[in-house]
Amino acid sequence: MAMHGMRGLSVFISDIRNCQNKEQERLRVDKELGNIRTRFKNEKGLTPYEKKKYVWKMLYIYMLGYDVDFGHMEAVSLISAPKYPEKQVGYIVTQCLLNENHDFLRLAINTVRNDIIGRNETFQCLALTMVGNIGGREFAESLAPDVQKLLLSSSCRPLVRKKAALCLLRLYRKNPDVVNVDGWADRMAQLLDERDLGVLTSSMSLLVALVSNNHEAYWTCLPKCVKILERLARNQDVPQEYTYYGIPSPWLQVKTMRALQYFPTIEDPNTRRILFEVLQRILMGTDVVKNVNKNNASHAVLFEALALVMHLDAEKEMMSQCVSLLGKFIAVREPNIRYLGLENMTRMLMVTDVQEIIKRHQAQIITSLKDPDISIRRRALDLLYGMCDVTNAKDIVEEILQYLSSADFAMREELSLKAAILAEKFAPDLSWYVDVILQLIDKAGDFISDDIWFRVVQFVTNNDDLQPYAAAKVKEYLDKPAVHETMVKVSAYILGEYSHLLARRPGCSPKEIFSILHEKLSTVSTTTIPILLSAYAKILMHTQPSDQELQNQIWAIFNKYESCIDAEIQQRAVEYFALSRKGAALMDILAEMPKFPERQSSLIKKAEDAEVDTAEQSAIKLRAQQQTSNALVVTNQCPANGAPPPVPVGELSLVKVPSMVGTEDQNSTDQALSQENGTSSKVDSQPPSADLLGDLLGPLAIEGPPGATVQSEHNALSGLEGGPDGVNGSAIVPVEQQTNTVQPIGNIAERFHALCLKDSGVLYEDPYVQIGIKAEWRAHHGRLVLFLGNKNTAPLISVQAVILPPAHLKMELSLVPDTIPPRAQVQCPLEVVNLRPSRDVAVLDFSYKFGTNMVNVKLRLPAVLNKFLQPIPVSAEEFFPQWRSLSGPPLKLQEVVRGVRPMPLPEMANLLNSFQLMICPGLDPNPNNLVASATFFSENTRTMLCLVRNTLCSNYMAFYVLGEYKCLAPFSLLFILVDCSIIGFRM
């Protein structure tokens with residue numbers, strides 16, 4: 001745009017560029033805005049040149065990011081100016097500053113219409129550009145008929161008709177119910193005869209939008225599209241300016257083939273023959289060259305041609321040619337081409353009789369599974385999963401198992417789940433299936449869901465021939481020095497039920513089986529101890545004749561856990577001890593588990609549902625479902641007639657996300673979570689998610705400010721903000737005070753403290769947005785999902801989320817969309833790796849714009865040290881030798897707090913439990929002392945045992961923390977305990 005002679009504008013831009021800092025720039029902008037406002041008040045004294053100059057300055061200030069809330073009327077009034085320079089300024093500034101709902105646009109509708117129907121082509125282009133960019137409903141109602149006439153007019157130049165086609169496309173996409181396209185089939189067919197490729201390309205974009213809604217009305221356009229493809233493929237009558245690196249108008253070729261994919265089939269044999277000749281020419285003429293731009297253009301045409309071949313269900317020979325071409329692509333060095341080759345080969349699995357051809361490239365696909373690029377590895381895994389059948393299941397599953405040990409943390413859960421599904425679907429025999437699942441548990445136990453090992457138990461229980469084999473295999477795994485807790489669960493169940501079948505084998509007597517299981521008791525959590533107790537009772541029942549020594553050992557364990565604080569463990573210990581004294585009657589009471597009813601695996605059912613959904617989707621639907629961001633957007637749909645009314649704007653409705661728990665636990669989990677957030681709202685049950693790999697997190701109910709329940713959960717921390725001493729002594733770095741005009745709902749610090757003690761809840765809320773967190777912690781890895789919810793009926797724009805990690809954490813946040821739609825929620829996964837111990841805390845720098853309000857908040861994330869602790873029980877024989885072996889710092893630290901009255905012992909025990917420290921009762925002879933233990937995980941130190949002794953006296957409290965290795969974990973843990981306990985004291 002020419003701005004020659006506007007010296008004032010040039011000087012203003014120069015002044016802005018010469019500003020030394022942001023403050024100087026803001027002062028200069030404020031001064032200029034004040035000057036413009038003053039001059040606009042005396043509008044009659046303004047010349048057209050001055051008005052144009054000041055409107056340009058307004059646009060420049062707006063582009064710098066400042067709000068311009070005046071001068072809109074002056075910009076709109078320039079649209080009606082008779083001369084081009086003023087009219088150009090008016091159109092450009094109006095479409096930049098005003099949105100489709102602005103009241104001032106109504107004043108310009110008549111002027112815009114006069115420019116569209118006028119004879120000045122330049123004015124027509126300006127008007128069409130503005131209407132297309134704004135695309136409001138009132139514009140569509142008033143101007144769509146005139147735009148249609150302009151498109152069909154033979155007297156207009158191609159430049160104007162091209163803009164008219166794109167303008168009409170925009171209006172139709174925004175307001176399909178307003179733009180009348182009835183009877184447009186003949187008109188579109190007429191447009192497809194156009195010789196000018198610019199008009200033809202724009203018209204083809206319009207056709208794609210029309211046939212996507214109703215292809216039945218546009219059958220007459222199908223042969224025209226084929227003729228266009230033939231013309232381009234033969235390079236007939238294609239101007240040089242539309243030839244891109246030797247490829248005739250690749251954009252028009254892609255759009256034409258995309259339009260053809262909306263038609264279910266091609267009946268006319270002559271048209272079908274011509275089309276397949278064109279597709280054959282494209283397939284034969286595409287190869288990988290050194291020129292990147294030519295590669296991009298030719299591959300865009302090629303992959304669209306492949307999608308059309310799949311859609312038309314071509315002959316087997318052509319499908320084989322397509323697979324062979326893709327096989328070349330997945331073997332080249334360029335990662336982008338390999339990715340596209342794998343992705344399109346996966347789509348070709350939807351076509352019948354192609355799977356056998358794809359299997360020829362299995363070795364190359366397996367090689368791609370080890371590619372440095374994780375996106376290529378994911379596509380290779382999807383392809384292997386889709387092409388697997390009975391003939392190659394063993395090879396593919398073995399490759400997945402081999403790769404699992406070195407796979408990234410982000411892929412292990414997906415790998416484990418797919419390997420388990422393939423093993424169950426295509427197992428040649430059940431013993432192989434058992435071997436695969438046990439290997440999965442051994443190599444990736446942290447990523448194995450309960451559904452997987454539940455299914456193994458069902459198979460073993462229902463097949464008598466499999467029971468001795470399974471019992472022998474799990475015993476082999478238990479003999480290893482390090483065994484995952486999930487393996488202990490499976491082994492305890494199987495050996496408890498069927499170890500008597502191995503009694504005659506060496507090393508498999510009841511006493512030896514009990515000894516192997518009992519070695520693992522001290523290493524497991526409270527969720528596994530009940531299974532072990534059941535196994536002990538079963539072993540005791542199967543011991544015939546009775547072994548008095550073994551019986552006394554098992555009874556001693558039952559007696560030990562009769563006073564356990566966990567109700568499940570206590571009940572089992574009491575009941576098993578009482579039952580085991582009944583003698584022969586025990587055989588009837590603890591009889592072998594009955595066979596499970598025959599039912600389909602939940603994993604298989606989900607996999608089949610997903611495959612059916614995928615098979616029914618054409619390539620076009622797949623492409624339409626692709627998103628620019630990997631953040632999941634969930635919008636609130638309008639209720640149907642008779643449905644409950646929508647939730648008021650002030651309350652964000654409950655948002656469902658895929659669940660990690662089974663369907664039978666769904667309702668109780670939903671209800672519990674909703675109550676944790678301070679309300680007792682009812683959560684509707686959801687059907688099982690079709691996304692097998694998305695079921696990582698349970699439902700998160702995001703509601704209003706936390707209620708009494710949340711308060712009671714972190715009342716020990718409620719005084720953290722009470723004074724400067726409390727803040728400075730905290731293990732949490734405070735974030736600077738915010739100066740936003742938008743005030744948060746609820747106390748941000750209290751929300752953060754609550755999330756330090758639990759894994760789901762609301763981190764931040766204000767009148768416009770709500771940020772929730774759902775976390776999952778495994779050893780030194782963590783996965784947080786940020787739920788960004790828009791509570792209003794207008795979109796949130798300029799959304800940004802930046803993670804400011806401390807040095808001891810490695811954090812990776814997925815892409816955050818720039819806009820959150822009205823009453824919608826986006827989910828943004830955040831991967832966390834703990835490198836070493838530290839008391840520092842990560843910060844989320846979050847900002848967004850709602851209307852004229854720009855909000856920026858810095859929020860502490862609850863990725864604190866206690867999240868990487870795992871409770872572990874320790875016996876007296878293990879505790880005191882460890883405790884006495886280390887005499888002083890840095891491995892053993894002590895802190896004494898005097899002049900305070902300590903909290904009661906049960907409250908202190910609850911506080912330690914909330915920090916993932918397991919209370920070990922009965923270890924310390926002093927009843928006023930508490931002993932606790934935990935395992936700390938980090939990437940540098942791996943696992944480290946932490947032992948804690950807490951001495952409570954009348955006027956002081958002492959903490960002693962011991963760490964197994966020389967690092968900062970004892971130091972950090974000690975001060976966290978001291979900080980939080982001082983807060984909980986009552987003076």
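This is a predicted model: local features need pLDDT of at least 70, side-chain atom pairs count only at pLDDT 80 or more; totals for chains, interfaces and linings use all residues.
Reader: Ok, and where is D371 sitting?
Author: D371 is in the loop between α19 (362-368) and α20 (374-387). Helices are DSSP runs of H or I with at least four residues, strands are runs of E with at least two, and both are numbered from the N terminus.

Reader: Is D371 buried or exposed?
Author: D371 counts as buried because its relative accessibility is 11%. Buried means under 20% relative accessible area, exposed means over 50%, and partly exposed is in between (1.4 Å probe, protein chains only).

Reader: What about D389, where's that one?
Author: D389 is in the loop between α20 and α21 (393-404). D389 has 16% relative accessibility, so it counts as buried.

Reader: Which residues is D389 in contact with?
Author: Leaving out neighbours within four places in sequence, D389 is in contact with Q355, E356, K359 and F426. Q355 is 34 residues away from D389 along the chain, and their C-alpha atoms are 9.4 Å apart.

Reader: Switching to the whole protein: how many helices and strands are there?
Author: The protein has 40 helices and 17 strands. Of its 987 residues, 52% are buried. If you take contacts between residues at least 6 apart in sequence, 70% of them join residues at least 24 apart.

Reader: Which residues touch the most other members in the largest nonpolar core?
Author: That core has 218 residues, and L207, Y218, L517, L533 and Y536 touch the most other members. The largest share, 10 residues, comes from helix α28 (residues 529-542). A nonpolar core is a set of buried Ala, Val, Leu, Ile, Met, Phe, Trp, Tyr and Cys residues joined through side-chain atoms within 4.5 Å.

Reader: And what's around Y536?
Author: Setting aside neighbours within four places in sequence, Y536 is in contact with F514, L517, H518, L521, I554, I557 and F558.

Reader: Now helix packing. What's the angle between α12 and α13?
Author: Helix α12 (residues 222-233) packs against helix α13 (residues 250-260) at an angle of about 150°, and their axes are 10 Å apart. Axes are lines fitted to C-alpha atoms, for helices over the stretch in contact, and angles run from 0 to 180 degrees between N-to-C directions.

Reader: What do you call that arrangement of α12 and α13?
Author: α12 and α13 are roughly antiparallel to each other. Angles under 35 degrees count as roughly parallel, over 145 as roughly antiparallel, 65 to 115 as roughly perpendicular and the rest as oblique.

Reader: Which residues of α12 and α13 meet?
Author: L222, C225, V226, I228, L229 and L232 in α12 meet L252, Q253, T256, M257 and L260 in α13. By class, the residues of this contact are nine nonpolar, two polar and no charged. Ala, Val, Leu, Ile, Met, Phe, Trp, Tyr, Cys and Pro count as nonpolar, Asp, Glu, Lys and Arg as charged, and the others, Gly among them, as polar.

Reader: How do α3 and α5 cross?
Author: The axes of helix α3 (residues 48-63) and helix α5 (residues 84-97) cross at roughly 25° and come within 10 Å. That makes α3 and α5 roughly parallel to each other. Their contact has 12 nonpolar, one polar and two charged residues.

How values were computed: Residues are numbered from 1 along each chain as its sequence is written. Side-chain values use heavy atoms; hydrogens and water are left out. Contact means heavy atoms within 4.5 Å.
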